[in-house]
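Q: Before we look at single residues, could you show me how to read a model of this kind, feature by feature?

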Amino acid sequence: MPEPDEPTIAFDLPEDAINFRVNAETRTISGLVVPWENVAKDSAGQAKWRFRKGSLYWSRDDPSRVKLNLYHDRDRTVAFATHLGNTPQGLFAKFKVARGEEGDRAVSLAQDGVLDSFSIEPS
């Protein structure tokens, strides 16, 4: 979870725009990570964020440097990116989930719809 003084941001998107998918057989989770041009408000209600198309950068040679954590807890990393790409809607990502108790839990929670979207943070 984020620190109490660390605001989080949320986009108000229709469900079909998120395109969150889980494949238990291949242990992958994918979907829209950041929508372009959609205004988000922070949890403290003091700031607004908007990402312009193509405004985010990552190592295109090695997307695996981008990790998926449970609840923003960097001690609970469960997956690494296998694909990051710009789409007309926003930044799309696909993650390969690790084997083991924490990874199994993440896949199960995503399958059951408990986890159903992504939340980003700076590295």
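The dialogue below goes from the whole chain to its sheet and then to single residues.

Q: What kind of model is this, and how are its values to be taken?

A: This is a predicted model, in which local features need pLDDT of at least 70 and side-chain atom pairs count only at pLDDT 80 or more, while totals for chains, interfaces and linings use all residues. Residues are numbered from 1 along each chain as its sequence is written, and side-chain values use heavy atoms, with hydrogens and water left out.

Q: How many helices and strands does the protein chain have, and in which pattern do they follow one another?

A: Helices (H or I, at least four residues) and strands (E, at least two) are DSSP runs, numbered from the N terminus. The protein chain has two helices and eight strands, and along the sequence these give the pattern β-α-β-β-β-β-β-β-β-α.

Q: What share of the contacts in the protein chain joins residues 24 or more positions apart, and what share of the residues is buried?

A: A contact means heavy atoms within 4.5 Å; of the contacts with a separation of 6 or more, 56% are between residues 24 or more positions apart. For burial, a residue under 20% relative accessible area is buried, one over 50% is exposed, and one in between is partly exposed (1.4 Å probe, protein chains only). By that rule, buried residues make up 31% of the 123 residues in the protein chain.

Q: In which order do the strands of the open sheet lie, and is the pairing parallel or antiparallel?

A: Strands of a sheet pair through backbone hydrogen bonds, either parallel or antiparallel; here two strands are taken to pair if DSSP finds at least two bridges between them. Five strands form an open sheet in the order β2-β3-β8-β7-β6, and the pairing is antiparallel. The edge strands are β2 and β6 (67–70), each of which pairs on one side only. From one strand to the next the twist averages 35 degrees, where axes are lines fitted to C-alpha atoms, for helices over the stretch in contact, and angles run from 0 to 180 degrees between N-to-C directions. Helix α2 packs on this sheet, touching β2, β3, β6, β7 (73–86) and β8, and its direction makes about 60 degrees with that of β7.

Q: How many bridges join β3 to β8, and which residue stands opposite I29?

A: Seven bridges join β3 to the antiparallel strand β8 (residues 90–97), and the residue opposite I29 is F95 in β8. T28 also lies in strand β3; T28 counts as buried because its relative accessibility is 12%. The side chains of T28 and T26 make a polar contact at 2.9 Å, that is, a pair of N or O atoms within 3.5 Å, where within protein one must be able to donate a hydrogen and the other to accept it, and residues adjacent in sequence count only if both atoms are side-chain atoms.

Q: What is the phi of R27, and where does R27 lie?

A: Most residues other than glycine have a negative phi. R27, in the loop between β2 (21–23) and β3 (28–35), has a positive phi near 55 degrees. R27 counts as buried because its relative accessibility is 17%. A polar atom of the R27 side chain lies 2.6 Å from the backbone oxygen of A98, and, not counting residues up to four places away in sequence, R27 touches residues including F95, A98, G103, D104 and V107.

Q: Which residue in the turn of the hairpin of β6 and β7 has a positive phi?

A: That residue is Y71, with a phi of about 55 degrees, in a hairpin that has two residues between its strands. Y71 counts as partly exposed because its relative accessibility is 32%. The two strands, β6 and β7, pair in the antiparallel sense over four bridges, and N69 has T77 in β7 as its bridge partner.

Q: Is A106 buried or exposed, and which residues are in contact with A106?

A: A106, in helix α2, is buried because its relative accessible area is 2%. Leaving aside neighbours within four places in sequence, A106 is in contact with I29, L70, V78 and L115. The C-alpha atoms of A106 and V22 are separated by 9.9 Å, although these residues are 84 residues apart along the chain.
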